[in-house]
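Student: I would like to take a close look at a single part of this structure, namely the sheet and the helices that accompany it. Could you please describe how these elements are arranged?

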Amino acid sequence: MTDTVLTEAVQAAATGEPRRYVITGGPSSGKDDLIATVHTAGIPCMQAEPGREIYRKHRERLGRHLLREDRRAYSLEVSEAFIAEYTSHKHGIRFYNRGIPDGYGWEAFFGLGPTPQLEQASRLYRYDAIFVLDPLDTFEDADDIVWAKDREIRRVHELIVQGYYDAGYEPVFVAPDSAANRLDFICANLRYRNPAEEGDPVTPSHKLATRTSLLLSPNSVLANALLRSIDILRPRVQSARPARIEFVVGTQINGAPHLGTNVVQAAAFLLAKIARREFSVDTAVRFGALDNAPYEVVLDPETYHAYQQTYYHALGRDQIRELIEGYYRAFFDSLSEATDTEYVVETYTDQQAAPGFRAEFLRSLEHLEDIRWWLAPSHGVVHIRLPCPECGWAEKRADRTKLAHLDEDGAAFTAVCLDHGRYEVHVDPEDDAPYLDLATLYRNLIKERTSGRYVNTLHVMMKGGRAQSTTMWTPWFGS
Ligand SMILES: [Zn+2]
């Protein structure tokens, strides 16, 4: 998919200034696979990391693996090889299989400080971006370097990362994934020069696809333009002419509410009262109890995958109802009475089971490639948690949850359970199972698009900020 765009970008950059990107990480990070994929994609890239060849040479000479006292001579030679690689590159893009600052991590691993030569080289020869590959699940090293324990692999990885920070870099972390997806991630993080607009850096054209339509997010600063808060809604009410306005306020059901939470809830009731008077429409408050909040998180000690169980799965429907009754009912009843405003309570569990929510979710999957960076700006991996049908636990970061199949009948996903291994679930709009636990941004997207389909009701989302400020917005209509 990226191939032609990438090739064009690489060709366009070929005569430009040199750009150097480092791919690094500890052993078993999948670096070799990724480097091979970079080559296959036709991007100029360093072949083998010079350290390995030099290591073999030293080992042959010594007749054993290198010890601490052999490190200095070895490191200097590696450093020189990296400098030669660096300086011989004159134009265009080039990827590097490790970089000069890797030396900091390796020296530290053997209990040595950086040499003056390394410090100097690190200052003089700067790279344009550093990509650190997060370790994969399985610790296998095709090379013949012996790793006593997984723990050591972790430690090398951490020391390499620390070395880049010490050298003044801000590395970009690449999540465990297939080599092709990782390259896609890396390309999305680079900015190429557009051959048509020399001097104006842009991203590859397919990445711009989502930008060609109208503004996607209403992001307006209304300071000095408003006399009263309710005026935020006026333009939307004027244009949509809704018969009813619902103020939607969502709260995680994970203990006694914070004062700020109660402030936002009170604001919802007050705004409902004012809006009713101001716009002569019915208004109500819709309270979303987020019972998919994590109740417990565990880390698999072997693979470092995190698993979580929601409040709903841990406590069950009845206890969730008791929590809502205990923490919110009396407060809501009095707010309702004081503002003469009706309210409804719905749980996330009920929302996700509704056919409309599921249909909207399935529709969104067709555009997963376009929306994933909006929903997961840091890593592009959208967290779709589908709990194990046997125990109700799910992969917290959905690392190994994959969309296996999508057609008009629904979607099939595969995922992995800590106790029950690999499993498959099928989501279709007609069925309220399996449970669909979406990360907040994704859930909001689905919820807002679902709300946007009710033309007679305007939904106003309310959100409390850190300083107890309250914001509100309305679902964004669009295709
Ligand atoms: Zn399970």
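Tutor: In this predicted model, four strands form an open sheet in the order E2-E1-E3-E4, and their pairing is parallel. Strand E2, residues 93-97, and strand E4, residues 172-174, are the edge strands; each has a single partner strand, so one side of each is left without a neighbour in the sheet. From one strand to the next, the twist averages 25 degrees.

Strand E1, which covers residues 19-24, pairs with E2 in the parallel sense, and five bridges join the two. In one of these bridges, Arg19 has Ile93 of E2 as its partner.

Helix H4 (residues 71-88) and helix H6 (residues 116-124) have axes that come within 10 Å and cross at roughly 15 degrees. Because angles under 35 degrees count as roughly parallel, H4 is described as roughly parallel to H6. The crossing of these two helices, H4 and H6, is left-handed. On the H4 side, the residues that meet H6 are Leu76, Ser79 and Ile83, while Gln117, Leu118 and Ala121 meet them from H6. Sorted by class, this contact of H4 with H6 comprises four nonpolar and two polar residues, with no charged residues.

Conventions:
Residues are numbered from 1 along each chain as its sequence is written. This is a predicted model: local features need pLDDT of at least 70, side-chain atom pairs count only at pLDDT 80 or more; totals for chains, interfaces and linings use all residues. Two strands pair if DSSP finds at least two bridges between them. Axes are lines fitted to C-alpha atoms, for helices over the stretch in contact, and angles run from 0 to 180 degrees between N-to-C directions. Angles under 35 degrees count as roughly parallel, over 145 as roughly antiparallel, 65 to 115 as roughly perpendicular and the rest as oblique. A crossing is left-handed if the near helix is turned anticlockwise from the far one by less than a right angle, and right-handed if clockwise. Two residues are in contact if their C-beta atoms, placed from the backbone, lie within 7 Å. Ala, Val, Leu, Ile, Met, Phe, Trp, Tyr, Cys and Pro count as nonpolar, Asp, Glu, Lys and Arg as charged, and the others, Gly among them, as polar.
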